[in-house]
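Work through the exercises below with the model open. Each task is followed by a solution in steps.

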Amino acid sequence: MIHKKVGIVGVGWENTIEYYRLINQGMNSHQEGYSAYECIIYALNMNEIHRIGWEKSFHILLNACGTLKRSGVDRVVLCGHMAHLFSARLEAALDLPFIHIAFATALKLAEGNFRKVGLIGNAILTENQNYLQKFEEYGLDVILPKKTESHQFIYQLEPIDSSIKRTTIKTECSKVITDLVDKGADCLMVVTDSPQDHFQNIAIGIPLVDARSYHCEAIVTYIRSQINY
C-alpha cells in the first residue's frame, strides 16, 4: 500500500501529541488492525517563538516547512491556529500545498448549517484577512468581539500566563462570549493554541467549535484519498 506522506509542524508538544493521536485514530477507524501512520514531524522550539513573538516567527516556520519539503512530504500540516498566520507566504515560498485549519473548519461549519462564527483569540490572527477569507469562501460571517478591556485581555492569553487566576479568566471570557452571542454568533471558535480549559465550563449557549478535530479529519480524508493499493 502506497500513500501520500504528510509533514507535520508541531506547535507545542501537547498540541502535537493530540494531532498525532487524532490522525492515527482516524486512519485506524477505516482499516482493520492497528498501525501508526507514517509521517514526519518537525517540532518547533516554542520558547524561541514566545521570546520573539509570532509576528517575527516567519523564518522559523519557513525553516521547519522547508525541512519537511526536503524530506519528501506531499502536504504540510501546521498544528493549531497561530502558525497559520504565515500560511499563504509559506505556500508561495515553498510551492507546497498546506492543509489549512480554517478551510477544514469552515467546511464542517458550512455542512452543519452554521452561518455566523464568533472568534476569540490572538488579534494578529483573528484580524488577519488571509485567515478570515477562508471562512468567507464558505459563506460564513465572522464576528469579532468589540474592542473592550475584556477583549484585549482575551487576546493576551497566548501563551496562558499561569499567574492569572482562573476565576479572572472565566469572568473576562464570559463578557466577550456574551458580546459575540448578542451579535448573533451561532457557534464559538477559540483561536489559540493554549489550553482551552477556561472556556469549557462557561455556559455560552452556542456550540464550541473543535477546530483541531475538524483539521485532523481533513488530514485523514486527504491521506485516504491518495492511497494506492
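A charge sits over a ring if NZ of Lys or CZ of Arg is within 6 Å of the ring centre and within 35 degrees of the ring normal. The model is a predicted one, in which local features need pLDDT of at least 70 and side-chain atom pairs count only at pLDDT 80 or more, while totals for chains, interfaces and linings use all residues. Residues are numbered from 1 along each chain as its sequence is written, and side-chain values use heavy atoms, with hydrogens and water left out.

**Exercise 1. Charges and rings**

Find which residue lies over the face of Phe-103, and which lies over the face of Phe-58.

Solution. Start with Phe-103: Lys-134 lies over its face, at 5.5 Å from the ring centre. Next take Phe-58, where Arg-89 is placed over the face at 3.7 Å from the ring centre.

Now consider ring pairs (Phe, Tyr and Trp rings, the last by its six-membered ring, with centres within 6.5 Å; planes under 30 degrees apart are stacked, over 60 edge-to-face, the rest tilted). The structure holds 3 aromatic pairs. One of them joins Phe-58 and Phe-86 edge-to-face, with 5.6 Å between centres and 70° between the planes. Phe-58 belongs to helix 3 (residues 58-70) and Phe-86 to the loop between strand 3 (75-78) and helix 4 (87-94), so the pair ties together parts 28 residues apart in sequence. Helices (H or I, at least four residues) and strands (E, at least two) are DSSP runs, numbered from the N terminus.

**Exercise 2. Burial**

Solution. Asp-95 sits in the loop between helix 4 and helix 5 (101-111), and has a positive phi of about 55° although it is not a glycine. Asn-113 also has a positive phi, near 65°; its place is the loop between helix 5 and strand 4 (116-121), and at 56% relative accessibility it counts as exposed. Over the chain, buried residues make up 48% of the 229 residues.

**Exercise 3. The nonpolar core**

State which residues touch the most other members of the largest nonpolar core.

Solution. A nonpolar core is a set of buried Ala, Val, Leu, Ile, Met, Phe, Trp, Tyr and Cys residues joined through side-chain atoms within 4.5 Å. The largest has 56 residues, of which Val-9, Ile-23, Leu-44, Trp-54, Tyr-131 and Met-189 touch the most other members. Leaving out residues up to four places away in sequence, Tyr-131 has contacts (heavy atoms within 4.5 Å) with residues including His-81, His-100, Leu-119 and Met-189. Apart from this core lies another, of 8 residues, among them Val-176, Leu-180, Ala-185 and Ile-206.

**Exercise 4. Cysteines**

Count how many disulfides there are.

Solution. The criterion is a pair of cysteine sulfur atoms within 2.5 Å. By this rule the count is 0. For Cys-39, the nearest cysteine sulfur is that of Cys-79, 9.4 Å away. Cys-39 is buried, at 19% relative accessibility, and Cys-187 is buried at 1%.

Conventions
Buried means under 20% relative accessible area, exposed over 50%, partly exposed in between (1.4 Å probe, protein chains only).
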